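Hi,

Here is the structure I promised to pass on.

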Amino acid sequence: MSDARARILARLRAARPSIPPARPDWAPPAIPPAERLARFTAMLEAVHAEVHAVPAAAWPAHLAPLLAAKGVRTVLAAPATWAGKALAADWPSRPDAPHLVAYDQPVEALKDRLVAGIDAAVTTTLGGIAETGSLVLWPTPDEPRLMSLLPPIHVALVDEAAITDTLAGLVAAANWAAAMPTNALLISGPSKTADIEQTLAYGVHGPKELVVLVLTR
Amino acid sequence: MDAHNSAGQTHGINSAHKPRGDFTARAPAALANPTLRANFRRAMDGLMTKRAAQFADRDAWTALRARGAAARANALARLPELLERLEDRCTANGIRVHWAETAAEANAIVLAILREAGATRVIKGKSMVSEEIGLNHHLEAHGVTAVESDLGEYIIQLAGEAPSHIVMPCIHKNKAEIAQLFAENIPGQPYTEDVDSLTAAARRALRQRFAAAEAGISGVNFAVAETGTLVLIENEGNGRLSTTLPPLHIAVTGIEKVVERLDDVPPLLALLPRSATGQAITTYVNMISGPRKPDEKDGPREVHLVLYDGGRSRVYDDAELRDTLRCIRCGACMNHCPVYARVGGHTYRFVYPGPIGKILSPQLEGLDCAGDQPFASSLCGACSEVCPVQIPLADILVRLRQEAVRPSATPAVKGGGSQAGLAADLGWAGWRLVYGHPALYALVSRLLARLGNLIPASVPMLRQWTRFRTKPRFAARTLHELAARGGFDRE
């Protein structure tokens, strides 16, 4: 189809060029550090997510009863991440803790289980965005993409210090353009739809519940 | 359901069975359908209120909108160069890039990729371009099952219909209609109007389709030339599933969706969902920059990008009409359109309804085919006012009306001049004659003041107006006569 390519580009080049406009100054609303956690929490709660601030050292202990109360029996974890290691160290000794399932093989080997047989998953995040109440995830070989998507409950861990004000600020400060990962994600609430009469319903394809643990130090 | 919603009447813009515009003939049926009107009215009112709440700060809106419009205008100004850069970067990232001039080429490319992979079961994320090229029909005809996974698209696929809104495809349906559809089509599903139960039923039915799919097909919201990144936004997670779970992902997009830099994305993301549905952001922003790497555990092993022209390079040729291609498909123009809100999306008969469709369809499809579209407007300008990327929709509507009747020297739009008619020509010739000659004007206006009320409301041409409205009464004296009596003679 290289003919199509040549013809399309030739037609575009034959058109009278317009002058590229300068990008006007625009700054997204700055959110002072002291207000970020409150804004982040309020925005997430407004879209039906559950937010808990917990001491960074004790999150597995907080999470176990929280998930048990939701009837969770199996939790997908990434064993090679710091979060996976913390769960593996803490939960086996707790009688109320759910059973851990490791996402340690390619999806093809785990597909049936992942699609229908897990109650929840725990992932880390790169941080949060206060303006929109968004989690920033760059899935890795250790912590794959489907963890935050297939199980009905997604638990995300956010370091309080990693909550930034806006996406524009984050993209610029962290120089995302230099090297994008295979998949970068913003997640702002549980899966939802309003396709039936504008009525909100949750969990149509992805997680029905999003539980955010903000790790405080 | 009324006839104009039925399957088979709405086709892809460039599909073999081209629709012909007959908006005026179809509008009365929609206007007389109380269910349809209630469904649209409720939805549009809600969407307008939610959008207004998002942009309450006028200064912030103005600055953000200028930045978003500049990002799109810049991308168009550099379009050929950016498409080449996008191709280079995507290729370097491991995404295979294909170019298609026509719908038939785009369909053939997608089918060839699927065949090479041996894929016959496809799951689809929402994509208006795939509607435009009639991809589902093409795949079905060649033994590939393509299941729509966006809830709204799934519903209308079950009903055998076309989307009636570009963001909320099944907005014309109420829950009773959907309950009936699910009870008939999803095994084991009883009739229920409970929205949570209906949603859960769709999840169950589609989960298995996702697991079994050998390929996922999606659209693209923004393609970033700088990094070779495909940005997809959605609320349901079906877009992420379609682009992550199957071993093969094919993204199909119009050539105009490219932006130059990654930092163009945040302002556009701050405009699109807020304009579309009044959300601060969609649940998922999914940025894909390549297939699964060897050490990664999930994601498709192959990612393809099909760059589709479909008449866009022709639109690009005219400096004024080119602004049409800025569109980021938020649907705010239709949500705020007094015509769209009353007749709904199917009345337009083309894939893109409402104001953006009224300017896009005639340009992609030709004024000989879609020449009625620019006239299906009150020119109130609400669309131009809410457009997040400052497309001068009302100006382009007027320009297309001119092209439809009196085309520019080298026709800017295919089928230019096709809406010209003898009656209109005579009418305007008469108007010019009368308005160009003061004595004749005085004579005609005095005659109308004396005799105008004797003209029956049913004479041809006048009847188009008086069918729905009272015939206006002529005053006994003309304005000129009254002015002369008041001492303003000939000033």
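Let's start where the chains meet: strand S9 (residues 183-187) of chain A pairs with strand S9 (residues 284-288) of chain B, in the antiparallel sense and over five bridges. To find the spot on your screen, look for Ala184(A), which stands opposite Met287(B) in S9(B). Keep in mind that this is a predicted model.

In case strands are new to you: strands of a sheet pair through backbone hydrogen bonds, either parallel or antiparallel.

Eight strands make up an open sheet, and their order is S8(A)-S5(A)-S6(A)-S9(A)-S9(B)-S6(B)-S5(B)-S8(B), with mixed pairing. Which strands sit at the edges? They are strand S8 (163-164) of chain A and strand S8 (258-259) of chain B, each of which pairs on one side only. Within chain A, strand S5 (residues 127-129) and S6(A) are joined by three bridges in the antiparallel sense. There, Gly127(A) stands opposite Val136(A) in S6(A).

**The rest of the contact**

How many residues does each chain bring to the contact? Chain B gives 92 residues and chain A gives 71 residues. Together the two chains bury about 7300 Å², and 59% of that is on carbon and sulfur atoms. On the chain B side, Arg203(B), Arg240(B) and Lys297(B) supply 10% of the area this chain buries against chain A, more than any other three residues.

I get 10 salt bridges between chain B and chain A. One to click on is Arg13(A) with Glu84(B), where the closest N and O atoms are 2.7 Å apart.

As for what the touching side of chain B is made of, helix H10 (residues 195-212) of chain B provides the largest share, nine residues. Sorted by class, that side has 42 nonpolar, 20 polar and 30 charged residues.

**A pair of rings in chain A**

Over all chains, the structure holds 10 aromatic pairs. Take Trp138(A) and Trp176(A): their ring centres are 5.1 Å apart and their planes are at 65°, so this pair is edge-to-face. Trp138(A) is in the loop between strand S6 (134-137) and strand S7 (153-159) of chain A, while Trp176(A) is in the loop between helix H6 (167-173) and S9 of chain A, so the pair ties together parts that are 38 residues apart in sequence.

Cheers

Methods: Residues numbered from 1 in each chain as written. Chains lettered and ligands numbered in written order. Predicted model: local features only at pLDDT ≥ 70, side-chain atom pairs only at ≥ 80, totals over all residues. Heavy atoms only, no water. Contact = heavy atoms within 4.5 Å. Buried area = accessible area lost by both parts, 1.4 Å probe. Salt bridge = Lys/Arg side-chain N within 4 Å of Asp/Glu carboxyl O. Helix = DSSP H or I, 4+ residues; strand = E, 2+ residues; numbered from the N terminus. Nonpolar A, V, L, I, M, F, W, Y, C, P; charged D, E, K, R; others polar. Pairing = 2+ DSSP bridges. Phe/Tyr/Trp six-rings, centres within 6.5 Å; stacked < 30°, edge-to-face > 60°.
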